[in-house]
Amino acid sequence: MERERNSAASTLNHSTSSIFPILLVDFVAIAFVYFMPHLVKITGIPLYLIDPMRLWVLTALIFTNKPNTLVLVLVLPLLSHLVGGHPHIVKSILLSIELLLNVSFLYYLEKHWTVFWSAFVSIIISKSIYYILKFMSLNFGWIQGDLLSTPLWIQAVMTTVMSFYVTLFYRFYPKKIKNK
């Protein structure tokens, strides 16, 4: 009986300590996406150029768990659409597909390559597929606008920065990616 109580207490402590990073990352990610249109208007800084949804998904990948990361992949683009009316719903779906592919390729490639190259290549592949799907959506008339709304040089810099970000934190939280 005593052992069962200790086991239950240990399970509760473990679940409480593991839920805190999930709640923190989710709260900050959702708050950032929710307030981003207002922050852009107030500051005049185009924060969307830093690829914030990918940044939050990669943060969730490092500090939380796979199911939570997948939830953010789906929720963040939809929330952005619902709150700010941007991006268009089709583009929100394309963003979710891109982020889902990014996470999936990162999980797969990480088993074969270094973390940096896994992150870097997974971002490149997912962006490439995103642009193919966006090109098709533009041609079908489902969305309007330019194929490239963020200059390629900014995307290249952010891809490199995010790959280093994942690599840096992977050193401190190595079990987070490998054991998911």
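In which helix does Ser126 lie? In this predicted model, Ser126 belongs to helix 5, which covers residues 115-140. Because its relative accessible area is 0%, below the 20% limit, Ser126 counts as buried. When residues up to four places away in sequence are not counted, Ser126 touches Arg54, Glu98, Leu101 and Asn102.

Leaving aside neighbours within four places in sequence, Leu106 is in contact with Leu58, Leu61, Ser118, Ala119 and Ser122. From Leu106 to Ile123 the separation is 17 residues in sequence, and 8.1 Å in space when taken C-alpha to C-alpha.

Thr59 lies in helix 2, which runs over residues 52-63, and is likewise buried, with a relative accessible area of 8%. Not counting residues up to four places away in sequence, the contacts of Thr59 are Val25, Thr64 and Tyr165.

## Helix 3 and its ends

Helix 3 comprises 19 residues, 66-84, and reaches 27 Å from its first C-alpha to its last, which is close to the 27 Å expected at 1.5 Å a residue.

The N-terminal end of helix 3 is capped by Asn65, a side-chain oxygen of which lies 2.8 Å from the backbone nitrogen of Asn68. At the other end, helix 3 is followed by Gly85, a residue whose phi is positive, near 70°. Lys66, in turn, lies over the face of Tyr107, at 4.5 Å from the ring centre.

## Aromatic pairs

How many aromatic pairs does a search of the whole structure find? The search finds 10 aromatic pairs. One of the pairs is formed by Phe32 and Trp56, with 6.3 Å from centre to centre and 50° between the planes, an arrangement that is tilted. This pair links distant parts of the chain, since Phe32 lies in helix 1 (residues 2-43) and Trp56 in helix 2, 24 residues apart. Trp56 counts as buried because its relative accessibility, 15%, is under 20%.

Phe116 and Phe120 form an aromatic pair that is stacked, with 5.8 Å between the centres and 20° between the planes. Both of these phenylalanines lie in helix 5, where they are four residues apart, or about one turn of the helix. Phe116 is buried, at a relative accessible area of 15%, whereas Phe120 is partly exposed, at 21%; the two residues are classed in this way because the limit for burial is under 20%. Ring pairs also join Phe116 and Phe120 with Trp117 and Phe164 into a cluster.

Definitions and conventions:
Residues are numbered from 1 along each chain as its sequence is written. This is a predicted model: local features need pLDDT of at least 70, side-chain atom pairs count only at pLDDT 80 or more; totals for chains, interfaces and linings use all residues. Side-chain values use heavy atoms; hydrogens and water are left out. Helices (H or I, at least four residues) and strands (E, at least two) are DSSP runs, numbered from the N terminus. Buried means under 20% relative accessible area, exposed over 50%, partly exposed in between (1.4 Å probe, protein chains only). Contact means heavy atoms within 4.5 Å. The expected span of a helix is 1.5 Å times one less than its number of residues. A polar contact is a pair of N or O atoms within 3.5 Å; within protein, one must be able to donate a hydrogen and the other to accept it, and residues adjacent in sequence count only if both atoms are side-chain atoms. Rings of Phe, Tyr and Trp (its six-membered ring) pair if their centres lie within 6.5 Å; planes under 30 degrees apart count as stacked, over 60 as edge-to-face and the rest as tilted. A charge sits over a ring if NZ of Lys or CZ of Arg is within 6 Å of the ring centre and within 35 degrees of the ring normal.
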